[in-house]
Amino acid sequence: MKAIEFNSVWILISLLCCQLLNTAEHEDVVKHAIKLHRGKGAAVAQRKQWVLENCRKLSGLLRQKNVVLNKLKNAIRSVEKDLGLSDEEKLFQVHTFEIFQKELNESENSVFQAIHGLQRALQGDYKDVVNMKESSRQRLEALREAAIKEETEYVELLAAEKHQVEALKNMQHQNKSLSMLDEILEDVRKAADRLEEEIEEHAFDDNKSVRGVNFEAVLRVEEDEADSKRNISKREVEDDLGLSMLIDSQNNQYILTKPRDSTIPRADHHFIKDIVTIGMLSLPCGWLCTMIGLPTMFGYIICGVLLGPSGLNSIKSIVQVETLGEFGVFFTLFLVGLEFSPERLRKVWKISLQGPCYMTLLMIAFGLLWGHLLQIRPTQSVFISTCLSLSSTPLVSRFLVGSARGDKEGDIDYSSVLLGMLVMQDVQLGLFIAVMPTLIQAGASTYSSIVMEILRILILIGQILFSLAAVFLICLLIKTYLIGPYYRKLHAESKGNKEILVLGISAFIFLMLTITEILDVSMELGCFLAGALISSQGHMVTEEIMSCIEPIRDFLAIIFFASIGLHVFPTFVIYELTVLLFLTLSVVIMKFVLAVLVLSLILPKSSQYIKWIVSAGLAQVSEFSFVLGSRARRAGIISREVYLLILSVTTLSLLLAPALWRAAIMKCVPRPERRSST
């Protein structure tokens, strides 16, 4: 075996070194190596003689390479000392010599890397799949590094070419007198070069050696055009702008976020087409739903289904569309807070705090019970129960827009209770996202470490409570000292021009959003509190701001509900329709019953009649379960099948929510007030 390894290694050496020889000799060596490998070659003595000759050739090539390297070093020193050359010419020649040096060194390294690779393969066990997988991974890493080196060398050659052009321009500048315009353009060119060097970030070189950074093979995809001439011109433009799509080995798709040259304005045409398509298709879908008596948001969800992966699959920038849709949530919650004054918040704060906590604990208890009966891991049971306990704040906010604000003097308003409980659920969402890493570790821990994980969870809960206290203290200071003068200044500056008012209110929303994000509380809570603080300035202020912000909210809400439709998969729902209907009805009924039970215990007797409306508003699953489910699937808490079930149950519960809400309103709200509530 060792003799075979020895001969094979030297055959590889000979083949690799002969790549540097002429083509005819290379073909003769290859044929001779094949004969030796098949046992049809000459005698052992002749084989040894052949190996020795090729070893001498390799040794001679290595000596020749060292001689060339010494000559290159001497040439670099002579160029640097040559006073007759300009700086540009020196830079070009030195750069060219250095590139040739790297080429020689890399060629030598490739020879010995190939030898070591063959040696590892000969020493391995062909029946050991793990060993073969590791060898394949090492070869893949070597190929990635080689690709990076080739890319670096190509960039250096481009730089050398640029230096050559600079040297030629400098020579032309010395040989002829330039006009005033040429001198101005030459100064502008030098200033532009300095600007490029100042703003250019060497992100690739700076990050390729950072720990945790991996080299990946990606595909660059250009769009097909029917007209070949148009396709060529478009590709040339996209090569310059870098706007083509990249796909990695995991089928993730990427678009440009920051170009190398920031002086050229760019636009993501994929994202523009996606928004235009959603806007055009949302109109007929929403119109159709209005004609048959359904809420328009169903039309927007249907629009997302038609354009998403389960439909025409025409949306390319899914992440960007979802990100823009999040602003629809922010402005929706701001308008909800605008109609939710601090006085009403003080009236229902105990109910808003107690109700969601009791419901979440009861859902977790039922989840653990069913998980024990079905032999589901406790970690998975806790996650699924918590995920299903959340309700959709944007959806219910649309239900409550323009709804009745009071039924009897002194009674608790159902919209205030419902919004207060939903905001508390948003706080719970932030808490659950913070606790999720600890929940993952707790699922794989021993009994001794579980105690430490429980302590960590308690510490996290304490941090959240501290953050909430800090948020409400900041809100108190803003209400007392800032919001009044700030709005009066905006109102004075925006007379005849609503642009300043819209911009000022948007900036205040983003300020509150940033504060709650920094304090590790949900951003949605910050938007809600921004509206509540501005509503404290009076009814006239609320009406003026609402008239300016509502159009922005409406457009962004269309994008948000369309982004929900992107995650609806009708084929999966059809395949498992019976199971999904059973699970959805079970979840909706369970949440409705638990909400009625909890509200019966915490509501005053005079307001018991609103428990049916509030329970109907809570009897669906929040769209944030999409986010929680994706994180849990990546973390290994739930399987792919459970993830798809959660998505489908969430979608179906959102589709059932308007019917349940309308039934509750028809049953419990007096007839004169139904029109505004539905």
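**Labels and their grounds**

Modeller: Start with Lys611. Its relative accessibility is 14%, so Lys611 counts as buried. Keep in mind that this is a predicted model.

Biologist: How do you know that the 3.1 Å pair of Lys611 and Ser600 is a polar contact?

Modeller: The cut-off for such N or O pairs is 3.5 Å. The Lys611–Ser600 distance is 3.1 Å, and the pair is a polar contact.

Biologist: Now Ser385. Why is Ser385 called buried?

Modeller: Its relative accessibility is 6%, and therefore Ser385 counts as buried. The limit is 20%. Ser385 sits in helix H13, residues 378–389.

Biologist: What does the side chain of Ser385 reach?

Modeller: The backbone oxygen of Ser381, at 2.8 Å. Beyond four places in sequence, Ser385 is in contact with Met363, Ile364 and Gly367. Met363 is 22 residues away along the chain, yet its C-alpha atom is 5.6 Å from that of Ser385.

Biologist: On to the rings. How many aromatic pairs does the structure hold?

Modeller: Eight. One of them is Phe327 with Phe330: 5.6 Å centre to centre, 80° between the planes.

Biologist: What makes the pair of Phe327 and Phe330 edge-to-face?

Modeller: Two tests. Centres must lie within 6.5 Å, and planes over 60 degrees apart count as edge-to-face. Phe327 and Phe330 give 5.6 Å and 80°, and the pair is edge-to-face. Both residues lie in helix H11 (318–338), three residues apart, about one turn of the helix.

Biologist: Are Phe327 and Phe330 buried or partly exposed?

Modeller: Phe327 is at 31% relative accessibility, so it counts as partly exposed. Phe330 is at 6%, so Phe330 counts as buried.

Biologist: And why is the pair of Tyr414 and Trp661 called tilted?

Modeller: Their ring centres are 6.3 Å apart and their planes meet at 55°, so the pair is tilted. Stacked needs under 30 degrees and edge-to-face over 60. Tyr414 lies in helix H15 (414–443) and Trp661 in helix H24 (640–668), so the pair ties together parts 247 residues apart in sequence. Tyr414 and Trp661 are both buried.

Biologist: Which residues do ring pairs link into a cluster?

Modeller: Phe327, Phe330, Phe331 and Phe510.

Biologist: Now the sheet. In what order do its strands run?

Modeller: S1-S2-S3, with antiparallel pairing, in an open sheet.

Biologist: Why do S1 and S3 stand at the edges?

Modeller: S1 (218–221) and S3 (253–254) each have a single partner strand, so one side of each is left without a neighbour in the sheet.

Biologist: How do you know that S1 and S2 pair?

Modeller: Pairing needs at least two bridges. Four bridges join S1 to S2, residues 245–248. Val218, for instance, has Asp248 as its bridge partner in S2.

Biologist: Finally, what does the secondary structure of the chain come to?

Modeller: 25 helices and three strands. Of the 678 residues, 39% count as buried.

Definitions and conventions:
Residues are numbered from 1 along each chain as its sequence is written. This is a predicted model: local features need pLDDT of at least 70, side-chain atom pairs count only at pLDDT 80 or more; totals for chains, interfaces and linings use all residues. Side-chain values use heavy atoms; hydrogens and water are left out. Helices (H or I, at least four residues) and strands (E, at least two) are DSSP runs, numbered from the N terminus. Rings of Phe, Tyr and Trp (its six-membered ring) pair if their centres lie within 6.5 Å; planes under 30 degrees apart count as stacked, over 60 as edge-to-face and the rest as tilted. Buried means under 20% relative accessible area, exposed over 50%, partly exposed in between (1.4 Å probe, protein chains only). Contact means heavy atoms within 4.5 Å. A polar contact is a pair of N or O atoms within 3.5 Å; within protein, one must be able to donate a hydrogen and the other to accept it, and residues adjacent in sequence count only if both atoms are side-chain atoms.
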